[in-house]
Amino acid sequence: MFRSPGEDRAEVRLQKRLLAAMVLMAFFALSLSSYVALTRALQYQTRDEGPNAGYAVELASGRLPTIDTPVTTDARRYPQVVEGLATMVDEPHRHIWTANHPPLYYLMSLPFVAAAGALDAPQVMVVGMRLINAVGSALCVLLVGLIAFEVTRRETVAFLATGISASCAVLVSAGGHIANDGVAVAASSLTLLATIRILNRGLSPGRLALVALAGAAAAGAKAPGVLTVVLCGAAIAVALLLRDHSRRGVIRALAASAVATGVPALATGWFYVRNIVLYGDPTATDALLDKFDREPNGTWWQILTDGSLWKDWYERLWAPVLAEGYAAAADVLAVVAVIGLLVLLVRRRATGPTHLPTSRAGWLLLTVHAAVILANLVGFVAGGGNPNDRYLMPLMPLLATALAVGVMALVDLIPLGSRESRAQLAAAAMTLALGAYALLIFDWFVSSATYAGRLPNSESRGAELVVAAGVVCGLVAVCLAARPVRTYAARQPLPAQPAVHQQGAGGPARRARR
């Protein structure tokens with residue numbers, strides 16, 4: 001049922017050395033997020049940590065909260081959360097307004113809630129919930145690189161895309177807070193990766209199971225995951241139908257799509273039906289806008305055509321709002337990448353495609369996915385929602401890959417050495433520079449007034465050791481990426497030896513003559 005003729009043909013594979021380098025870059029990002037998780041005081045409203053923690057507390061008590069459920073007031077067990085309540089100027093902000101999100105992330109947090117109570121150590125819950133988000137954000141960094149390799153089949157592009165996403169301030173700083181974004185974007189990226197592999201390599205039980213399970217996690221972590229699930233299910237159906245128009249092919253395509261979308265629907269559909277019953281829509285967006293008396297920010301078209309908003313969104317992925325001077329590096333990266341993409345387009349029109357294949361279906365899926373996510377965000381902001389930079393995290397697979405492709409297109413023009421060795425050194429050097437930039441942003445962030453306040457009894461020295469280990473991981477990753485690949489000449493067959501006349505009836509020459 002699953003495989004058709006010609007599927008699973010030989011393809012370019014990612015070397016273990018580059019895969020290890022990409023994993024180490026993810027650890028580098030994780031170390032920075034972990035420092036934030038281990039040391040920063042609870043950010044009640046700016047990062048929604050208070051209501052997110054309150055959501056997990058309610059689940060631990062056996063209750064699924066609504067957006068009007070008050071945050072816990074148990075100061076003995078949850079002192080940091082309760083202290084944050086005093087900073088809220090109105091009653092709506094003292095509620096679990098994040099209860100419109102499905103419960104996967106909060107269910108994952110329950111062991112830390114239980115441990116905090118058992119050990120009488122409230123900080124265990126705060127740090128534990130943050131670290132779940134940090135691991136999800138780091139996993140997203142790795143998945144971005146894997147997706148980049150799947151759509152470009154170039155290892156250097158994949159490594160550079162990993163470095164670009166690891167330097168992203170949002171993935172690093174936001175990854176260190178109590179939030180469901182890390183889990184959601186990791187699950188969404190994994191769903192995209194598994195779908196692209198089906199588009200590139202064909203359908204198999206393992207790949208379909210991965211799409212279904214990752215899709216269930218994406219839809220169970222955050223509402224935009226539902227859009228990813230629907231899109232990936234449709235992409236699988238279309239791809240299989242294009243390959244096989246027969247009756248068997250149609251059944252196969254519909255069955256695969258039904259599995260890819262049906263499993264997430266069965267696992268999470270009940271929650272979105274609950275939202276419709278309680279609030280009138282699956283995401284409770286209108287109810288939340290009414291709850292906080294939000295006014296529309298303009299029409300859908302006005303938001304879509306607001307160039308300053310898009311520029312600000314892009315820059316804030318790499319530089320926080322107050323660190324405006326650091327945004328220039330992100331702008332330079334974008335300009336260089338756009339020039340490279342234009343050069344690549346002109347070269348391909350003149351000379352035809354390069355010798356390495358690319359996945360047109362993969363690029364199309366990433367592009368449509370980004371368009372759907374952005375359309376959803378534009379509608380949200382137009383209705384009065386906050387244009388938070390974290391909402392752009394699902395775009396990182398397309399954004400980082402496109403930036404990496406553009407930069408490497410310019411590197412390919414440099415007439416020095418072989419194409420691949422030149423690309424390896426350039427990708428390693430640029431990733432090193434991006435890592436240094438990430439450390440500059442990180443140093444600014446932890447030294448700024450916005451970082452004022454530390455978790456009680458937090459050990460800065462231990463957190464600094466975590467960052468030091470991450471920096472070592474990043475340096476090793478760069479060295480692995482820069483190391484030239486050893487090639488060996490194929491062993492040549494020995495020249496044929498002339499027959500030698502030997503004495504005796506059993507000699508080879510005599511047998512040959514016979």
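User: How many salt bridges does the structure hold?

Analyst: This is a predicted model, in which local features need pLDDT of at least 70 and side-chain atom pairs count only at pLDDT 80 or more, while totals for chains, interfaces and linings use all residues. Residues are numbered from 1 along each chain as its sequence is written, and side-chain values use heavy atoms, with hydrogens and water left out. A salt bridge is a side-chain nitrogen of Lys or Arg within 4 Å of a carboxyl oxygen of Asp or Glu. The number of salt bridges in the structure is 13.

User: Which residue forms a salt bridge with glutamate 49?

Analyst: Glutamate 49 is in helix H2 (residues 49-60), and its partner, 81 residues away, is in helix H6 (residues 123-152); helices (H or I, at least four residues) are DSSP runs, numbered from the N terminus. Glutamate 49 counts as buried because its relative accessibility is 0%, buried meaning under 20% relative accessible area, exposed over 50% and partly exposed in between (1.4 Å probe, protein chains only). With the closest N and O atoms 2.8 Å apart, the partner is arginine 130.

User: How many disulfides does the structure hold?

Analyst: A disulfide is a pair of cysteine sulfur atoms within 2.5 Å. For cysteine 140, the nearest cysteine sulfur, that of cysteine 168, is 8.7 Å away. The number of disulfides is 0.

Key:
Helices (H or I, at least four residues) and strands (E, at least two) are DSSP runs, numbered from the N terminus.
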